[in-house]
Structures are given as C-alpha cells and as structure tokens.
Amino acid sequence: MESTIKEISKNAVTPLLNVSKNGAKRIKEFYIDCSTLEDYNYNDIRESEKHKLLYKELKEMDGPCLYFFEIISNNLSSEIINKIREYSISENAKSIPAIKKNIPESKILYVGKVKRHFWGRLVQHLGFYKVNRTQGLQLFYWSKELHLNIKVTVFEFEPEMINLMEVLENELAKKLKPILGKHK
C-alpha cells in the first residue's frame, strides 16, 4: 500500500513541477467597464457584436483555469461590499460569493478557478446565467453605479492540472487577499 501512496503522490507532484518550470499554458487579460454593462439575460452575450471576439478567444481556453478580478478604478472595498450587500437582499438576487468577516482593503475582488470553459464562468460572474443558485459576482446587477472598472486575468493550464486547481487557487488567494470568496 505504501508504494501505491508513493506512486499517487509522484503523479500528483509532476504536473505542479511542470507548472513551476513552464508556467501557465496561456494567459489572457481583458478589461470590463461595469458602467457600460448591457443586459444579456435574454440575448447570448457570446454572439453580440460587442463581445464576440472576446468570447471567441475565451472559448479557445478549454483547460483548467485560474483567474482573478482586479479593481482598477478608485473604488474602496467598503463601498463595493455595501453595494453587494444591498443587492444580495433584493427580491430577485442571484447567489454571490461569500463576503469575508474582516474585509480587506484590497484591489482584488475575487480569485477563482474552473475545470473547463472559463467563458461560461465569466457569463455567471457577469450575472447572465439563468440559474439563480449558481454563484457568481453578478456584476451587471450592482456594479454600474460604482463605475467599477475591472481587469480580468486568466491563466490556462494543461489538462493534467484539473484536480490541482484548488491548491493554486487557495495559495493565490492567500497572496492576493480578495474581498470576496472563501479560500482555505
């Protein structure tokens, strides 16, 4: 049994060693001016003229991804949290990430991971996913009035990293100290 444990550990470490040597497979950065977000609850944002090129590029990122939303406008953590709390108690509010007990004054809104199809996770974070219980930032519903500007950074990894994304997410969150989300 001990040799089996050793073999499992070796197989788990190899993809991490490859990432430590080679880095991510691909990195994509883009910006969201939340004050200009339009309602795509009834139209597919992926097919809109305004967003078609971005979603075409994001659809090429098929593998596991680690990502973070960075606040590049002058908004304070406290005003963002106040808007999110206000939204979260509204009648038709969709599920949002956990609000930390001790809110850091941070420029990182959220750190996340996805096993496949980052583009779908982005739709959820923008607030255009139909299932209200699916957690996301729901930016469309609360960020416009704040004139929030965000830079999104996405790291795509090789498929063998799929079961190790939580390790990277938790360690990145420790370093970046995001305003939202639970990270152990």
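**Entry 1: Val 111**

I count a residue as buried when its relative accessible area is under 20%. I am working on a predicted model. I looked up Val 111 and found it in strand S3. Is Val 111 buried or exposed? Its relative accessibility is 0%, so Val 111 is buried.

Next I listed what Val 111 touches, leaving out residues up to four places away in sequence. The list holds Leu 66, Tyr 67, Phe 68, Glu 169, Leu 172, Ala 173, Leu 176, Pro 178 and His 183. I also checked the distance to Ser 77. Val 111 and Ser 77 are 34 residues apart in sequence, and their C-alpha atoms are 15 Å apart in space.

**Entry 2: the cores**

I turned to the largest nonpolar core and found 39 residues in it. Which residues have the most contacts inside this core? They are Ile 32, Phe 69, Leu 109, Phe 118 and Leu 139. I then noted which elements give two or more residues to the core. The strands are S1 (26–33), S2 (65–71), S3 (108–114) and S4 (149–156). The helices are H2 (52–59), H3 (77–88), H4 (118–126) and H5 (139–142). H4 gives the most, with five residues.

I found a second, separate core of 10 residues. In soluble globular proteins, nonpolar side chains tend to be buried together.

I went back to Leu 109 in the largest core. Setting aside neighbours within four places in sequence, Leu 109 is in contact with Phe 69, Ile 71, Ile 80, Leu 137, Leu 139, Trp 142, Ile 150, Pro 178, Ile 179 and Leu 180.

**Entry 3: strand S4**

How many of the eight residues of S4 are buried? I found six, which leaves S4 mostly covered. S4 pairs with S1 in the antiparallel sense, over eight bridges. In that pairing I looked up Ile 27, and its bridge partner in S4 is Phe 155. S2 and S4 also run antiparallel, joined by seven bridges. There I looked up Cys 65, whose bridge partner in S4 is Glu 156.

**Entry 4: Lys 94**

Lys 94 sits in the loop between H3 and S3. Lys 94 is buried, yet it has no salt bridge. Which side chain of opposite charge is nearest? It is Asp 39, 7.7 Å away. I then looked for polar partners. The side chain of Lys 94 makes a polar contact with the side chain of Asn 41, at 3.5 Å. A polar atom of the Lys 94 side chain also lies 2.7 Å from the backbone oxygen of Gly 127.

Technical notes: Residues are numbered from 1 along each chain as its sequence is written. This is a predicted model: local features need pLDDT of at least 70, side-chain atom pairs count only at pLDDT 80 or more; totals for chains, interfaces and linings use all residues. Side-chain values use heavy atoms; hydrogens and water are left out. A nonpolar core is a set of buried Ala, Val, Leu, Ile, Met, Phe, Trp, Tyr and Cys residues joined through side-chain atoms within 4.5 Å. Buried means under 20% relative accessible area, exposed over 50%, partly exposed in between (1.4 Å probe, protein chains only). Helices (H or I, at least four residues) and strands (E, at least two) are DSSP runs, numbered from the N terminus. Contact means heavy atoms within 4.5 Å. Lys and Arg count as positive and Asp and Glu as negative; His and the chain ends are not counted. A salt bridge is a side-chain nitrogen of Lys or Arg within 4 Å of a carboxyl oxygen of Asp or Glu. A polar contact is a pair of N or O atoms within 3.5 Å; within protein, one must be able to donate a hydrogen and the other to accept it, and residues adjacent in sequence count only if both atoms are side-chain atoms. Two strands pair if DSSP finds at least two bridges between them.
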